[in-house]
Amino acid sequence: MTISNTNKRVRKYPLELLWNSPAFRMIGDIYYVGDKYVSSHLITSEKGHILIDTCMPSTGPLILKGVVDIGFNPKDIEYILITQAHIDHLGSTKLLAKETGAKICIGEADREAAEKGSTTKMGLMGYETFKVDLPLVDGDKIIVGDKELHVYHTPGHTPGCCSLGFHVIYQNREYNGFIFGGAGLNVFEKENLERGIYGGTPQDFKQTLDRLEGLEIDVWLGSHPEDNGTFEKHKLLKREDQPNPYIDLVGWKNFIRKIRQNLQQFL
Ligand SMILES: [Zn+2]
């Protein structure tokens, strides 16, 4: 999360104007339903859907509207998967749990942080706490209809941070899809450590990168839209003569390499 960067802007402009984004289809059965600052993705199937992350507390209504706008019923969301216990990724979970009836899942090591929420630690204030139905551990599978999400425990950004692997079918071909749930190194910055931000360790982060570097990922989703250029790619998507820009193996490799370089200063 990079809240400190945006707070100055938030004070100046109403949140709605700053963050709202229309929902759209990215590739196959993957849709973007988040805002301009934090991602929320919907993976759909004939038998129900999976929502990944719920953004800030103010974004919940936008996510619900987005799901309806792209032609789905929020009540058909079977699972809400939270990748990390920071307010910008789980802020609207209570509202969305109520509106959808979905089962709520978060990494086991982030469960307490998510459920208690009353700690003074930055990143855990200001949202309604919620009950976790299914704590996630490495190797878990979440299955809805023909969609299967593989849970990777990827600690570092937070202790229980989880990433998800899945298959993407696009134009009769199968691609490896992935979302890295906690790519931000900001939790290790001096200013955030002094504030008592809820975070994991740089050593854990390194191990996570070692593991992720070995994966061949074609379609990677950003935990924040800036990670993978979600909106820039969306503009390219409108050009039908081009391949789907979300198929981006090189971008993934570069993304992980850059994080590894930046991590050095904290090890
Ligand atoms: Zn975060």
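User: What order do the five strands take in the open sheet, and what makes two of them a pair?

Analyst: The order is β8-β9-β10-β11-β12, and the pairing is mixed. Two strands pair if DSSP finds at least two bridges between them. The strands, like the helices, are DSSP runs numbered from the N terminus (strands E, at least two residues; helices H or I, at least four). This is a predicted model: local features need pLDDT of at least 70, side-chain atom pairs count only at pLDDT 80 or more, and totals for chains, interfaces and linings use all residues. Residues are numbered from 1 along each chain as its sequence is written.

User: Why do β8 and β12 stand at the edges?

Analyst: Each has a single partner strand, so one side of β8 (141-144) and one side of β12 (219-221) lack a neighbour in the sheet.

User: How do you know that β11 and β12 pair?

Analyst: Count the bridges. Strand β11 (residues 173-179) and β12 share three bridges, and the cut-off is at least two. They therefore pair, in the parallel sense.

User: What joins β9 to its neighbours, β8 and β10?

Analyst: Four bridges join β8 to β9, in antiparallel fashion. Lys 141 stands opposite His 150 in β9. Two residues lie between the strands of this hairpin, and Gly 145 has a positive phi near 55° there. Four bridges also join β9 to strand β10 (residues 162-170), again antiparallel. There, His 153 has Cys 162 of β10 as its bridge partner.

User: Why is β9 called largely enclosed?

Analyst: A residue is buried if 20 or more other C-beta atoms lie within 10 Å of its own (exposed: 12 or fewer; partly exposed: in between; C-beta atoms placed from the backbone). Five of the seven residues of strand β9 (residues 147-153) are buried, so the rest of the structure largely encloses this strand.

User: Which strand is mostly covered, and what pairs with it?

Analyst: Strand β3 (residues 41-45) has four of its five residues buried. Strand β2 (residues 30-32) pairs with β3 in the antiparallel sense over three bridges. Tyr 32 has His 41 in β3 as its bridge partner. Five bridges join β3 to strand β4 (residues 48-52), also antiparallel. Here Thr 44 stands opposite His 49 in β4. β3 and β4 form a hairpin with two residues between them.

User: What makes a set of residues a nonpolar core, and which members of the largest one touch the most others?

Analyst: The members must be buried Ala, Val, Leu, Ile, Met, Phe, Trp, Tyr or Cys residues, joined through C-beta atoms within 7 Å. The largest core has 68 residues, and Ile 50, Ile 80, Leu 81, Cys 105 and Leu 164 touch the most other members. Strand β5 (residues 77-82) gives the largest share, five residues.

User: What is Leu 164 in contact with, beyond four places in sequence?

Analyst: Contact needs C-beta atoms, placed from the backbone, within 7 Å. Leu 164 is in contact with Ile 52, Leu 81, Leu 149, His 150, Val 151 and Ile 179.

User: How do you know that the span of helix α8 agrees with its 12 residues?

Analyst: The expected span is 1.5 Å times one less than the number of residues. For α8 (residues 202-213) that gives 16 Å, and the end C-alpha atoms are 16 Å apart, so the two agree.

User: Which residues of α8 are buried, and why are they said to share a side?

Analyst: Phe 205, Thr 208 and Leu 212 are buried. Their arc is only 60° around the axis, which puts them on the same side of α8. The arc is taken from the directions from the helix axis to the C-beta atoms. What covers these buried residues includes α11 (249-263).

Key: Two residues are in contact if their C-beta atoms, placed from the backbone, lie within 7 Å.
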